[in-house]
Amino acid sequence: VGREQLINAVKEHEVDLAIAGLAVTEKNQKKVDFTIPYIKDKKSCYLVINSNNQTILHKNDLKDKRTGFDEKAILDECYIGIEGVLIPYIDTYAVLSALEQKELSAAIVSEINERDLNSNLKILEKVQGKNLTKTIAFSKENKELGKILNKIIENIQKSARYDELHKKYFKKKELKNSEMD
């Protein structure tokens, strides 16, 4: 399920909440409310194109073009400024394969290595993470749920348990509670 579908499911009361690295964007805030961030991440995203493409010089050139993305790994912040058609793929390999086969004009991925960047592909732009926040979306009508979730998040962040959970589920360097500010 894509992030847009999750936001709409919360808005339409099909689910009570959505936890999926959702961005607090102006568009999303019109539909649902969000908790305080349960994590801040400095994740980067890469906009990749075919090496021989001479018409795409900037993400603005993707208007009306097909851009694929890894739906499991990409945060909403990576889409900002891309006005073309966004197409979800199951993983990074699938989206890069579609790009190589010229089914797409560009691909957005969160990780890329030298093996992926062969002579056919190049990075057009790197979107450096700026403490991209991960929050929980909940219905605007369910303020009580938001208060409960925020209290739980605050309690976890104040305890030593925060670093344990972060290391276990996000497998990155441990963030101290002070880094959440």
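**Salt bridges in a predicted model**

Colleague: This model is predicted. What makes Lys 27 and Glu 4 a salt bridge?

Modeller: Their side chains meet at 3.6 Å, N to O. The cut-off is 4 Å, so the pair counts.

Colleague: Which parts of the chain does the pair link?

Modeller: Lys 27 sits in helix α2 (residues 26–29) and Glu 4 in helix α1 (residues 3–11). They are 23 residues apart.

Colleague: Why is Glu 4 called partly exposed?

Modeller: Its relative accessible area is 33%.

Colleague: How many salt bridges does the structure hold?

Modeller: Six. Among them is Asp 33 with Lys 140, the closest N and O atoms being 3.2 Å apart. That pair joins strand β2 (residues 33–34) to the loop between β9 (132–138) and α4 (143–158), 107 residues apart.

Colleague: Why is Asp 33 called buried?

Modeller: Asp 33 has a relative accessible area of 15%. Buried means under 20%, so the label holds.

Colleague: And what makes Lys 140 partly exposed?

Modeller: Lys 140 is at 30% relative accessibility. That value falls between 20% and 50%, so Lys 140 is neither buried nor exposed.

Colleague: How do you know that Asp 33 and Lys 143 form a salt bridge?

Modeller: The N to O distance is 2.4 Å. That is within 4 Å, so the pair qualifies. Asp 33 in strand β2 and Lys 143 in helix α4 are 110 residues apart.

Colleague: Why is Lys 143 not called exposed?

Modeller: Lys 143 has a relative accessible area of 48%. Exposed needs over 50%, so Lys 143 is partly exposed.

Technical notes
Residues numbered from 1 in each chain as written. Predicted model: local features only at pLDDT ≥ 70, side-chain atom pairs only at ≥ 80, totals over all residues. Heavy atoms only, no water. Helix = DSSP H or I, 4+ residues; strand = E, 2+ residues; numbered from the N terminus. Buried < 20%, exposed > 50% of the residue type's maximum accessible area, 1.4 Å probe, protein only.
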